[in-house]
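Please open the model in your viewer and keep the sequence panel beside it.

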Amino acid sequence: MTQTFSARTLALFGGAAALALLLDQPAQAHGIAHGGIAAGFLHPISGADHLLLLIGVGAAASCISSQLLLWALAGAVGGAVFGAMGGTLPGQEFLAALAISAVAVLVLRCLRSQQSPQLGACAALVASAVAVHAMLHGLEAPVDASAALWWLGAFAGSVLVSGGSLLLLRRLPLAWTRGVALLLALCGGVAALGPIGMLMR
């Protein structure tokens, strides 16, 4: 009973903090990044949308399969190359926010299902979600001599968050994973619908 209460309390406080971060950011929060390895390392962590997706990927890997991390890496490479070459998608900020909710809903469905999830479908969703965010990284990445170090830092930061989330959630009861997924689904929805609400004012 105490564990459940503390998990719910933590999720509530975490949800409030995450929502405050998301609502504080403008709809088009991405720009050109600068700096070397330290700037790259902080880039996926300091952006609320990227951070939430990375946590979602770790949550999915913790309850479905750690192989999802490899698929996330494949999506990251593909999306980063596409973005670095100048590729864009219509409504990419909206899609990036929806990607957070999509991964969270995948986790919730897998937790509710009595059957083993189809790894191929899960991998495709995770890789696609990460590819959208990596495309934004590719558009933001520096194009000078510091680019290689920047990408190395961004990779290290992403692995730290996703891998750390995987290891932490595997040590905690499934109720924590469910709570994290619910929170991520909510935050992704708020991030996606927030700009629409601003346009309707």
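**Cysteines**

Select the cysteines and display their sulfur atoms. A search of the whole structure finds 0 disulfides, a disulfide being a pair of cysteine sulfur atoms within 2.5 Å. For Cys63, the closest cysteine sulfur is that of Cys110, at 5.9 Å, which is too far for a bond. For Cys110, the closest cysteine sulfur belongs to Cys122, at 4.2 Å, again too far for a bond. Cys63 is partly exposed at 24% relative accessibility, whereas Cys110 is buried at 15%. Here buried means under 20% relative accessible area, exposed means over 50%, and partly exposed lies in between, with a 1.4 Å probe and protein chains only.

The model is a predicted one, in which local features need pLDDT of at least 70 and side-chain atom pairs count only at pLDDT 80 or more, while totals for chains, interfaces and linings use all residues. Residues are numbered from 1 along each chain as its sequence is written, and side-chain values use heavy atoms, with hydrogens and water left out.

**The overall fold**

Switch to a cartoon view. The protein has 8 helices and 0 strands, and its elements run α-α-α-α-α-α-α-α from the N terminus on. Helices (H or I, at least four residues) and strands (E, at least two) are DSSP runs, numbered from the N terminus. Of the 201 residues in the protein, 40% are buried. Among contacts between residues at least 6 apart in sequence, 85% join residues at least 24 apart; contact means heavy atoms within 4.5 Å.

Accessible areas come from the Shrake-Rupley method with a 1.4 Å probe, and for residues only the protein chains shown count as cover.

**A nonpolar patch on the surface**

Select Ile37, Leu73, Val77, Val81, Met85, Leu149, Leu152, Phe155 and Val159. Together these residues form a nonpolar patch on the surface with about 840 Å² of accessible area.

Which helices each supply at least two residues of the patch? They are α4 (68-84) and α7 (147-171), and α7 gives the largest share, with 4 residues. Ile37 lies in helix α2 (residues 37-46) and is partly exposed, with a relative accessible area of 43%.

**The largest nonpolar core**

Hide the surface and select Leu53, Ile64, Leu68 and Val126. In the largest nonpolar core, which has 28 residues, these four touch the most other members. At least two residues of this core come from each of α3 (48-63), α4, α5 (92-112), α6 (119-140), α7 and α8 (174-199). The greatest contribution, 9 residues, is that of α5. A nonpolar core is a set of buried Ala, Val, Leu, Ile, Met, Phe, Trp, Tyr and Cys residues joined through side-chain atoms within 4.5 Å.

Centre on Val126. Beyond residues up to four places away in sequence, Val126 touches Val57, Leu68, Ala72 and Leu106.

Move to Leu125, in helix α6. Between Leu125 and Leu68, the C-alpha to C-alpha distance is 9.8 Å, with 57 residues separating them in sequence.

Next, select Ser162 in helix α7. Is Ser162 buried or exposed? With a relative accessible area of 7%, Ser162 is buried. Apart from residues up to four places away in sequence, Ser162 touches Leu54, Val57, Gly58 and Leu69.

Continue to Ala185 in helix α8. Ala185 and Ser101 are 84 residues apart in sequence, yet 4.1 Å apart in space, C-alpha to C-alpha. Neighbours within four places in sequence aside, Ala185 is in contact with Ser101 and Ala104.

Finish at Ile45 in helix α2, which is partly exposed at 25% relative accessibility. Its contacts, leaving aside neighbours within four places in sequence, are Leu51, Gly157 and Val161. Ile45 and Gly157 are 112 residues apart in sequence and 6.7 Å apart in space, C-alpha to C-alpha.

How values were computed. Patches are made of residues with over 30% relative accessible area and no salt bridge: like charges are joined within 9 Å, nonpolar side chains (Val, Leu, Ile, Met, Phe, Trp, Tyr) within 5 Å. A salt bridge is a side-chain nitrogen of Lys or Arg within 4 Å of a carboxyl oxygen of Asp or Glu.
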